[in-house]
Amino acid sequence: MVVKFFGNTKGGSGASVDYLLNEREEAKTARTLKGDPQLTKDIIRSIERKQKVCVGVLSFEEKNIPEADKHKLMEEFEKTLLPDMQGRYNVLWVEHTDKGRLELNFVVPNIELTSGKRLQPYFDRADRPRIDAWKTGMNASLSLLDPNDPMKKRELVTPRNLPPI
């Protein structure tokens, strides 16, 4: 499993929810696992600050994992990302299977629900070590394929900026 947070220079909008569901839902390659898409869009729309949303994905090499493991991962990820905040934030989880692998996408509006104050779910410099430790632990405990496994390391790494032939 890999944890990825998507950059968001424009601040985000309800379109992030639409993107996660769009035609994939009709093609049966996307489904909502937790949360209410319309409620999440309404909350995002109500935010007056520029940075409205935190969006990311838990991406797996596996094509699928048991439902119980998906829900355990989502619950434990939320506890790690937003400790002691249960019930004070909104989150939408959408499963994607259209790329031949499992992806659990999440959208968290940047607002604390009880006070209406700004919520910053993820600040890379401070949160990356904690999220990486969680990822390593969950990969081991659920026997998920680990992208950092030394057996997957390339022997030869070619530079990306080679001149064209």
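Helices (H or I, at least four residues) and strands (E, at least two) are taken here as DSSP runs, numbered from the N terminus. By that rule, Asp84 sits in the loop between α3 and β4.

The model is predicted: local features need pLDDT of at least 70, side-chain atom pairs count only at pLDDT 80 or more, and totals for chains, interfaces and linings use all residues. Residues are numbered from 1 along each chain as its sequence is written, and side-chain values use heavy atoms, with hydrogens and water left out.

## Overall layout

The chain has four helices and five strands. Their order from the N terminus is β-α-β-α-β-α-β-β-α. Taken along the principal axes, the C-alpha atoms fill a box of roughly 50 × 40 × 40 Å. Burial is judged by relative accessible area: buried means under 20%, exposed over 50%, and partly exposed in between (1.4 Å probe, protein chains only). Of the 165 residues of the chain, 41% count as buried. A contact means heavy atoms within 4.5 Å. Among contacts with a separation of 6 or more, 76% are between residues 24 or more positions apart.

## Helices α1 and α2

Two packed helices are described by the angle between their axes and the distance between the axes. Here the axes are lines fitted to C-alpha atoms, for helices over the stretch in contact, and angles run from 0 to 180 degrees between N-to-C directions. Helix α1 (residues 15–26) packs on helix α2 (residues 37–46) at an angle of about 155°, the axes being 9 Å apart. The pair is therefore roughly antiparallel; angles under 35 degrees count as roughly parallel, over 145 as roughly antiparallel, 65 to 115 as roughly perpendicular and the rest as oblique. From α1, the contact is made by Ser16, Val17, Asp18 and Leu21, and from α2 by Pro37, Thr40, Lys41 and Ile44.

Thr40, Lys41, Ile43 and Ile44 are the buried residues of α2. They cover an arc of only 160° around the axis, which puts them on the same side of α2; the arc is that of the directions from the helix axis to the C-beta atoms. These buried residues pack against α1, β3, β4 (92–96) and β5.

## Helix α4

The 18 residues of α4 should span 26 Å at 1.5 Å a residue, and the end C-alpha atoms are 24 Å apart, which agrees. The expected span is 1.5 Å times one less than the number of residues. Asp127, Ile131, Trp134, Lys135, Met138 and Asn139 are buried in α4. Seen down the axis of α4, these residues fall within an arc of 130°, so they line one face of the helix. An α-helix has 3.6 residues a turn, so residues three or four places apart point the same way. The cover over the buried residues of α4 includes β1 (2–5), β3 (53–59) and α3 (67–81). On the face turned away from the buried side are the exposed residues Arg125, Pro129 and Ala140.

## Positive phi angles

Most residues other than glycine have a negative phi, and most peptide bonds are trans.

| Residue | Phi | Relative accessibility |
|---|---|---|
| Lys28 | about 65° | 71% |
| Asp84 | about 60° | 70% |

Lys28 lies in the loop between α1 and β2 and counts as exposed. Asp84 counts as exposed. Ser143, which follows α4, has a positive phi near 55°.

Asn110 belongs to the loop between β5 (103–109) and α4 (124–141). With a relative accessible area of 3%, Asn110 is buried. Leaving aside neighbours within four places in sequence, the residues in contact with Asn110 include Ile47, Arg49, Val53, Cys54, Arg118 and Pro121. The side chain of Asn110 reaches the backbone nitrogen of Cys54 at 3.4 Å.

Arg31 is placed in strand β2 (residues 30–34). Arg31 is partly exposed, its relative accessible area being 34%. Not counting residues up to four places away in sequence, Arg31 touches Glu67, Lys70, Trp93, Val94 and Glu95. The side chains of Arg31 and Glu67 are joined by a polar contact of 2.4 Å. A polar contact is a pair of N or O atoms within 3.5 Å; within protein, one must be able to donate a hydrogen and the other to accept it, and residues adjacent in sequence count only if both atoms are side-chain atoms. The C-alpha atoms of Arg31 and Arg101, 70 residues apart along the chain, are separated by 14 Å.
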